[in-house]
Amino acid sequence: MFLIVGGDAAATVLTGAGFPQVFVAWTRFALAAVLLAPFCALQWAEMQLLLDWRLLLRAGLIVGGIVCILTALKTEPLANVFGGFFVGPVVSYFLSAAVLGERITRLRTILLLVSFAGVLLVVRPGFGMTTGMGFAVLAGCFYGAYLVATRWLAPAFRPRFLLLSQLIIGAIILAPFAFLPIPALTPQALGLITLSALGSAGGNFLLVMVNRTTPAAVIAPLIYSQLLAAMVIGWLVFGQWPDQLSLAGLVVIMIAGVSSVWFAGRGR
């Protein structure tokens with residue numbers, strides 16, 4: 001989760017320098033696919049599986065999530081964006097129960113609803129909610145569904161193939177945006193593109209690995225650790241700090257999320 005936030009921070013610097021967010025998203029998929037392909041031991045028989053509708057759906061979900069969160073980060077502080085993004089665990093929790101038949105409990109349901117109240121404090125729907133925060137919430141919905149899709153497919157495919165499949169499919173989906181006008185590719189920009197790609201790919205690879213043995217309803221709340229990373233990186237890199245209401249919402253989200261993880265580990 002910390003790797004993913006670092007990748008998003010690098011992408012934010014790029015979009016702030018004039019690079020279109022869809023171009024940055026394409027570089028994230030394409031470069032990661034090129035760099036990680038030699039280590040994924042892709043087999044010829046697996047190439048045909050890239051057309052499997054389940055893999056296409058999963059890749060489409062993560063593409064939608066990344067494009068939306070990069071769009072949100074163009075105008076909103078890093079920590080606030082991740083606050084809105086944390087509607088994802090709520091979506092994943094209930095969707096995993098509906099689609100995968102995973103167990104839900106009253107206590108964890110209450111805690112997730114409390115965390116959702118924290119999301120509302122950050123997003124403030126109807127009270128000055130911006131378009132950027134709307135994209136952050138949409139990104140969270142995409143990501144919550146992606147978590148469930150990953151759990152669904154983890155037993156059927158190798159972790160490295162799952163990672164590579166989303167990178168290849170995502171790069172193909174976003175390929176038309178590779179030709180957009182962009183600023184000069186300086187060594188600094190190339191370094192940021194690399195950090196963005198490897199941060200996202202590395203974080204998602206670890207996510208695939210843990211999905212092989214852990215239910216999605218347990219994994220989903222772990223993404224709350226991104227809030228801490230977002231606040232620290234947002235302050236160190238961009239000089240951003242949430243206002244009092246947003247900070248209160250972020251604290252509520254974190255406390256409820258950590259509590260949910262603690263009770264999940266005890267079967268409650």
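**Salt bridges, helix packing and a nonpolar surface patch**

Arg158 is partly exposed, with 24% relative accessible area. In this predicted model, Arg158 forms a salt bridge with Glu46, and their closest N and O atoms are 2.8 Å apart. Glu46 belongs to helix α3, whereas Arg158 sits in the loop between α8 (131-153) and α9 (159-173), so the bridge ties together parts separated by 112 residues in sequence. Glu46 counts as buried, at 9% relative accessibility.

The count of salt bridges comes to 4. Another of them joins the side chains of Arg28 and Asp8, at 2.9 Å from N to O. This pair also links distant parts of the chain: Arg28 is in helix α2 and Asp8 in helix α1, 20 residues apart. Arg28 is buried, with a relative accessible area of 2%. Asp8 is buried as well, at 3%. A further salt bridge pairs Asp52 with Arg54, with 2.9 Å between the closest N and O atoms. Asp52 has a relative accessible area of 16% and is buried, because the cut-off for burial is under 20%. Arg54 counts as partly exposed, at 24% relative accessibility.

Helix α2 (residues 21-36) packs with helix α4 (residues 53-73). Their axes are 9 Å apart and the angle is about 135 degrees.

The loop between α2 and α3 (44-47) holds Ala41. Its phi is near 50 degrees, a positive value in a residue other than glycine. Most residues other than glycine have a negative phi. Ala41 is partly exposed, with a relative accessible area of 43%.

A nonpolar patch lies on the surface. Its members are Phe2, Val13, Leu228, Val232, Trp235, Leu236, Val237 and Trp241. Together they have about 820 Å² of accessible area. Helices α1 (2-16) and α12 (225-238) each supply at least two residues of the patch. The largest share, 5 residues, comes from α12. Trp241 is found in the loop between α12 and α13 (244-264). With a relative accessible area of 52%, Trp241 is exposed, because the cut-off for that class is over 50%.

Methods: Residues numbered from 1 in each chain as written. Predicted model: local features only at pLDDT ≥ 70, side-chain atom pairs only at ≥ 80, totals over all residues. Heavy atoms only, no water. Patch = residues over 30% accessible without salt bridge, like charges linked within 9 Å, V, L, I, M, F, W, Y side chains within 5 Å. Areas by Shrake-Rupley, 256 points an atom, 1.4 Å probe, with all protein chains shown as cover. Helix = DSSP H or I, 4+ residues; strand = E, 2+ residues; numbered from the N terminus. Buried < 20%, exposed > 50% of the residue type's maximum accessible area, 1.4 Å probe, protein only. Axes fitted to C-alpha atoms, helices over the stretch in contact; angles between N-to-C directions.
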